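Here is a walk through one protein model. Keep the viewer open and follow the side chains as they come up.

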Amino acid sequence: MPTCELVPLLGNHARWFPYHGAYGVTDVLLQGEVRIRLQEDNKPLKCTLIQVRVRCYEAETPSGGIKMKRDKMNVVYESYSDAPVWEKEPNQQFGELAETNHPFRVVIPRNNSGVSTVTYKTFRTWWQIEA
């Protein structure tokens with residue numbers, strides 16, 4: 001099974017993905033590349049599209065509990081990359097994706113509906129970048 005990794009253009013992404021801009025003051029820019037790596041079996045991944053998105057989630061947790069239930073989790077804001085990172089050929093049903101790197105760029109506008117990251121005892125919001 002191939003692995004898909006989001007790697008920033010500059011900086012380290014051990015805990016947070018690096019970004020440019022100030023949330024709520026200027027547009028926030030996330031840049032990097034999607035790295036596709038094959039495992040030992042060297043079987044390519046069959047897919048139709050790779051797209052990078054940034055989401056703002058909010059979740060309500062039971063008092064004293066740490067685990068979140070899916071029915072209490074909402075997507076507050078969602079932003080996609082400027083263009084698909086990779087697409088299949090138009091005449092094929094699926095495309096085979098081998099070991100490659102594909103650059104991406106996602107912009108979160110200054111006036112969006114998301115909130116900053118915050119954690120309370122029974123409520124939490126956070127941002128997540130996904131491919």
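A salt bridge is a side-chain nitrogen of Lys or Arg within 4 Å of a carboxyl oxygen of Asp or Glu. Keep that cut-off in mind. The model is predicted. A search of the whole structure finds 4 salt bridges.

Start with E130 and R53. Their side chains meet in a salt bridge, with N to O at 2.6 Å. E130 lies in strand β11 and R53 in strand β5, so this pair ties together parts that are 77 residues apart in sequence. How exposed is each partner? E130 has a relative accessible area of 14%, so it is buried, the limit being under 20%. R53 is partly exposed, with a relative accessible area of 23%.

E78 counts as partly exposed, because its relative accessibility is 31%.

Now turn to R55. R55 forms a salt bridge with E78, and the closest N and O atoms are 2.6 Å apart. This pair links distant parts of the chain: R55 sits in strand β5, E78 in strand β6, 23 residues apart. Which residues do these bridges join into one network? Through shared partners, the salt bridges join R53, R55, E78 and E130.

At 17% relative accessibility, R55 counts as buried. The side chain of R55 also makes a polar contact with the side chain of Y57, at 3.2 Å. Leaving aside neighbours within four places in sequence, R55 is in contact with V75, Y77, E78, W126, W127, Q128 and E130. E78 is on that list, and E78 is also the salt-bridge partner of R55.

Q128 is in strand β11, residues 123-130. At 33% relative accessibility, Q128 counts as partly exposed. What does Q128 touch, beyond neighbours within four places in sequence? The contacts are R53, V54, R55 and Y57. The C-alpha atoms of Q128 and C56 are separated by 6.5 Å, although the two residues are 72 apart along the chain. The side chain of Q128 also makes a polar contact with the side chain of E130, at 3.0 Å. E130, in turn, is the residue that bridges to R53.

Leave the charged groups and look for the nonpolar ones. In soluble globular proteins, nonpolar side chains tend to be buried together. The largest nonpolar core in this model has 18 residues, of which V34, I50, V52 and F104 touch the most other members. Which elements give two or more residues to this core? They are β2 (28-37), β5 and β9 (100-108). β2 gives the most, with 4 residues.

Not counting residues up to four places away in sequence, I50 touches V34, I36, P84, V85, W86 and L97.

Definitions and conventions: Residues numbered from 1 in each chain as written. Predicted model: local features only at pLDDT ≥ 70, side-chain atom pairs only at ≥ 80, totals over all residues. Heavy atoms only, no water. Buried < 20%, exposed > 50% of the residue type's maximum accessible area, 1.4 Å probe, protein only. Contact = heavy atoms within 4.5 Å. Polar contact = N/O pair within 3.5 Å; in protein donor to acceptor, adjacent residues only side chain to side chain. Core = buried A, V, L, I, M, F, W, Y, C linked by side-chain atoms within 4.5 Å.
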